Amino acid sequence: MPKDAPVDPRGPRFSAWMTTVVLAIVLLTGWWRLLAAQTVLFAMCAFISLKLNPWGHVYRFAVQPRLTPTTEREEAAPLRFAQGVGFVFALIGTLGYATGLTALGTVATSLALVAALLNAAFGLCLGCEVYLLLRRYAPALARPQ
């Protein structure tokens with residue numbers, strides 16, 4: 001997995017707001033193809049690079065220039081791990097909706113929505129917290145060799 005540079009923490013929060021909107025639309029409509037697109041986005045950010053996130057581009061080019069500059073940076077590894085967690089829940093949700101297991105799709109999507117909303121509204125990244133716990137209690141699993 002390539003290493004991404006540290007990021008402005010406001011960017012992931014902006015992306016979390018956009019993800020919240022996407023997941024809310026999926027829950028309201030059951031539109032599994034939109035959830036499949038979000039699943040692909042999670043996968044690209046988790047397994048390739050955060051730079052592939054289109055919401056990150058919107059933030060960098062349309063939002064960030066209008067904000068007061070900050071020197072605060074956040075490591076990318078916890079964010080990528082969180083994207084991987086989002087990928088798992090979105091994949092389960094997509095499979096649930098696509099195969100007619102609507103309850104499974106709804107539950108998995110709801111859990112992803114709660115995580116995205118907590119990140120967006122309060123800056124609490126659940127996947128990031130799990131990553132940090134793994135690094136603390138299972139360092140061999142969390143650190144690439």
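## The annotated span

UniProt lists residues 7-136 as "domain: DUF4395", in an unreviewed entry; its positions are given here in the numbering of this model, feature names are shortened, and annotations may be inferred rather than shown by experiment. In this structure the span is 78% helix and 0% strand, and its end C-alpha atoms lie 22 Å apart. Helices (H or I, at least four residues) and strands (E, at least two) are DSSP runs, numbered from the N terminus.

A quick word on the ground rules. This is a predicted model, where local features need pLDDT of at least 70 and side-chain atom pairs count only at pLDDT 80 or more, while totals for chains, interfaces and linings use all residues. Residues are numbered from 1 along each chain as its sequence is written, and side-chain values use heavy atoms, with hydrogens and water left out.

## Salt bridges

Side chains of opposite charge can pair when their charged atoms come close. Taking a salt bridge as a side-chain nitrogen of Lys or Arg within 4 Å of a carboxyl oxygen of Asp or Glu, the count is 2.

One of them joins Asp4 to Arg80, with 3.6 Å between the closest N and O atoms. That pair ties together distant parts of the chain, 76 residues apart: Asp4 sits in the segment before helix H1 (10-29), and Arg80 in helix H4 (residues 76-98). Asp4 is buried at 8% relative accessibility, and Arg80 is buried too, at 4%. For reference, buried means under 20% relative accessible area, exposed over 50%, and partly exposed in between (1.4 Å probe, protein chains only).

Arg10 and Asp8 also meet in a salt bridge, at 2.9 Å from N to O. Here Asp8 is buried at 7%, whereas Arg10 counts as partly exposed at 27%.

## Around Arg13

Arg13 lies in helix H1 and is partly exposed, with 32% relative accessibility. Leaving out residues up to four places away in sequence, Arg13 touches Asn119, Ala120, Ala121, Phe122 and Gly123, where contact means heavy atoms within 4.5 Å. The Arg13 side chain also reaches the backbone oxygen of Asn119 at 3.3 Å.

For a sense of distance, Arg13 and Ala103 are 90 residues apart along the chain, and their C-alpha atoms are separated by 28 Å.

## Around Gln83

Over in helix H4 there's Gln83, which counts as buried at 18% relative accessibility. With residues up to four places away in sequence set aside, Gln83 touches Phe42, Cys45, Ala46 and Leu50.

Methods: A polar contact is a pair of N or O atoms within 3.5 Å; within protein, one must be able to donate a hydrogen and the other to accept it, and residues adjacent in sequence count only if both atoms are side-chain atoms.
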